[in-house]
Amino acid sequence: MVNKISRYSHYILWILITFLIFIRVKSILVSSSNFIKTLEPIFQHPFATTDEKLTMKYPRYYPLIQEIKRLTPEDATIYLPIVNIEYGQPLWALGQIQMTQTLLYPRTVKKYSEELTDGYLVFYTDTTQGIIKLE
Amino acid sequence: MRLAISYLLGLSLLTLLMFGANLLGLSLNTTNSLLLFALTVIPLIFLYPHLPSTPKISTSPSKLNKILKGIILILSLVVLLNDCYRIVGEWDSLTLYDFRARRIVETGSIAKAAEIQGSYFYSYPLFTSLFHSFAYLLGFYSPMLIYGLIFVSFLTIYYSLLRTHVNEFLSLLGTILLIFAPHLFWHAQIAYTNLAYATYLSLGALFLLEWKDNKSTIFAILGMFFTGTSVWVRSTEPFWLGNLILFLVVGLSNFRFKDIIYGLLSFYPLQQLWKRYVAAMFHNVESTVSQIQGSVATVATAAIQPTFLQLLSDTIVFFTHSIVRPYAPVLLLFAISLLMQLTKRRLSLFLISLIIFDLLVSFIGTYVFAITQSYWREIPGSLERMMMFISPLIIYVFIITIDSTKKNYGQ
């Protein structure tokens with residue numbers, strides 16, 4: 001058995017390599033289309049600032065973050081609505097307290113609760129989003 | 001290859017120096033970081049001539065090889081160009097690695113940055129965060145290019161190591177397969193720790209393989225230092241254990257005691273560093289042996305529970321979904337290599353046993369995680385990324401196996 005495999009080993013090898021190339025081509029094509037996709041912004045917006053790049057990445061969420069930063073002092077407390085937005089949706093990160101806390105630092109970010117103190121409450125609808133000052 | 005090794009060594013040494021100097025009270029500002037950079041470069045200049053270089057083997061020019069070289073060059077440039085443009089934007093990198101880096105830059109202190117972030121700060125070692133800090137302190141708006149250079153260095157060293165064993169065509173083919181291995185190319189363009197981890201751990205293993213074959217002490221030191229650095233990148237995964245066991249087995253069975261001492265001195269401080277630091281912060285010291293004993297005890301206890309078989313079957317399904325399916329092309333290469341080994345026994349058992357060991361560890365680790373953590377099913381992506389280091393090892397085995405058919409394809 002081993003001798004037979006040995007005699008035909010390089011034929012087996014070439015069949016396997018052909019198969020391998022076939023399955024890799026799919027991966028290569030997918031990756032290649034990704035290369036082109038990832039390179040697109042470089043040519044479309046070569047001089048984009050960090051904020052503009054983050055807006056491209058998080059189209060509704062990051063402008064909201066910038067707006068909150070503009071409208072609130074650095075020591076403010078920001079309350080996030082209790083939401084369960086599916087991953088990949090424009091505002092999904094609103095449900096991620098860690099992410100919002102990171103981007104709004106040094107502000108304090110908390111989940112909405114019944115016991116709200118002074119601060120700002122983030123709201124959103126299908127088409128708009130913003131903050132309300134809590135008195 | 002020397003430049004690529006120097007870059008990876010330098011990155012490790014610089015972050016270690018930043019960490020150590022800050023612990024001793026040196027503030028991490030621009031001037032001090034430049035001073036530490038100089039302190040990193042000086043020993044590297046002296047070390048440079050002693051580092052292994054790419055073998056100079058003259059070959060007849062081949063069109064196919066030129067095309068392959070062109071593809072590798074273009075893909076490397078795509079990564080570097082993209083990294084010059086990109087910013088840190090992914091969830092984990094924004095909330096942990098980069099957040100820590102920015103707070104370190106603001107406060108000049110690791111301890112103060114930790115106070116701001118709380119216990120989440122200690123989730124992973126500071127390797128990537130510290131080179132982010134270094135880039136920001138030097139005025140760069142993004143540290144992404146450092147990731148691109150890690151990737152290019154990885155390709156360079158990988159090609160050179162292959163080239164010492166096989167012809168140019170197969171070395172280039174292996175390097176291209178590496179570029180297209182699951183996740184690697186993409187991870188060269190995002191600020192996660194997985195690329196650096198895969199780079200240091202797999203190159204550590206390949207340097208040790210070289211050391212086994214050519215007996216040069218420098219490979220033992222590099223192999224164990226790179227393995228240690230992988231723990232400085234991600235400390236929770238136990239895959240360094242495979243490299244260490246093989247290093248000790250090869251060293252002890254060949255009576256290479258001097259190399260063992262140098263290798264362990266290059267490895268042990270790095271392996272202990274983050275664990276000791278976190279333990280000191282939380283006043284909780286647990287040795288590696290007791291951690292392993294704890295895992296064994298957990299598995300043994302679970303084995304006598306009535307839910308044992310159900311949990312084991314769930315783990316197998318999860319493992320198949322998270323590891324076997326995404327890495328199917330690479331695992332297929334491994335199966336082909338093993339089949340070929342039936343007929344040609346050129347390849348040492350070193351890499352094959354390491355790969356099998358690492359796959360077993362990942363399965364047992366998943367099982368331990370399933371026993372101990374209720375949310376274990378929620379991390380399939382994390383497990384998949386964690387195993388990125390397996391592709392370089394398998395592709396290496398595959399290329400060496402093809403070469404063992406003694407056919408000079410492409411030449």
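1. Contacts along chain B. In this predicted model, 81% of the chain B contacts between residues at least 6 apart in sequence join residues at least 24 apart. Chain B has 19 helices and zero strands. Of its 411 residues, 44% are buried.

2. A helix pair in chain B. Helix α10 (residues 194-214) of chain B packs with helix α19 (residues 390-403) of chain B; the angle is about 35° and the axes are 8 Å apart. The crossing of α10(B) and α19(B) is right-handed. From α10(B), the contact involves Ala198(B), Ser202(B), Ala205(B) and Leu206(B), and these meet Pro392(B), Leu393(B) and Tyr396(B) of α19(B). By class, the residues of this contact are six nonpolar and one polar, with no charged residue.

3. Ser216(B) lies in the loop between α10 and α11 (217-233) of chain B. Is Ser216(B) buried, exposed or partly exposed? Ser216(B) has 15 C-beta neighbours inside 10 Å, and therefore counts as partly exposed. A residue would need 20 or more to be buried, and 12 or fewer to be exposed. Pro52(B) is 164 residues away from Ser216(B) along the chain, yet their C-alpha atoms are separated by 9.7 Å.

4. The two sides of α4(A). In chain A, helix α4 (residues 61-71) has Tyr61(A), Tyr62(A), Leu64(A), Ile65(A) and Ile68(A) buried. These residues are on the same side of α4(A) because they cover an arc of only 155° around the axis. Arg70(A) and Leu71(A), on the other side of α4(A), are exposed. The elements that cover the buried residues of α4(A) include the helices α3 (50-57) and α5 (97-104) and the strands β1 (77-80) and β4 (129-134), in chain A.

5. The sheet of chain A. Four strands of chain A make an open sheet with mixed pairing, in the order β2-β1-β3-β4. At the edges are β2 (108-111) and β4 of chain A, each pairing on one side only. On average, neighbouring strands of this sheet are turned by 30° against each other, direction ignored. Within the sheet, β1(A) pairs with strand β3 (residues 119-124) of chain A in the parallel sense, over two bridges. Tyr79(A) has Leu121(A), in β3(A), as its bridge partner.

6. A helix on the sheet. Which strands does α5(A) touch where it packs on the sheet? They are β1 and β2 of chain A, and the direction of α5(A) makes about 160° with that of β2(A). Helix α5(A) is also among the elements covering the buried residues of α4(A).

Conventions: Residues are numbered from 1 along each chain as its sequence is written. Chains are lettered from A and ligands numbered from 1 in the order in which they are written. This is a predicted model: local features need pLDDT of at least 70, side-chain atom pairs count only at pLDDT 80 or more; totals for chains, interfaces and linings use all residues. Axes are lines fitted to C-alpha atoms, for helices over the stretch in contact, and angles run from 0 to 180 degrees between N-to-C directions. A crossing is left-handed if the near helix is turned anticlockwise from the far one by less than a right angle, and right-handed if clockwise. Two residues are in contact if their C-beta atoms, placed from the backbone, lie within 7 Å. Ala, Val, Leu, Ile, Met, Phe, Trp, Tyr, Cys and Pro count as nonpolar, Asp, Glu, Lys and Arg as charged, and the others, Gly among them, as polar. The arc is that of the directions from the helix axis to the C-beta atoms. Two strands pair if DSSP finds at least two bridges between them.
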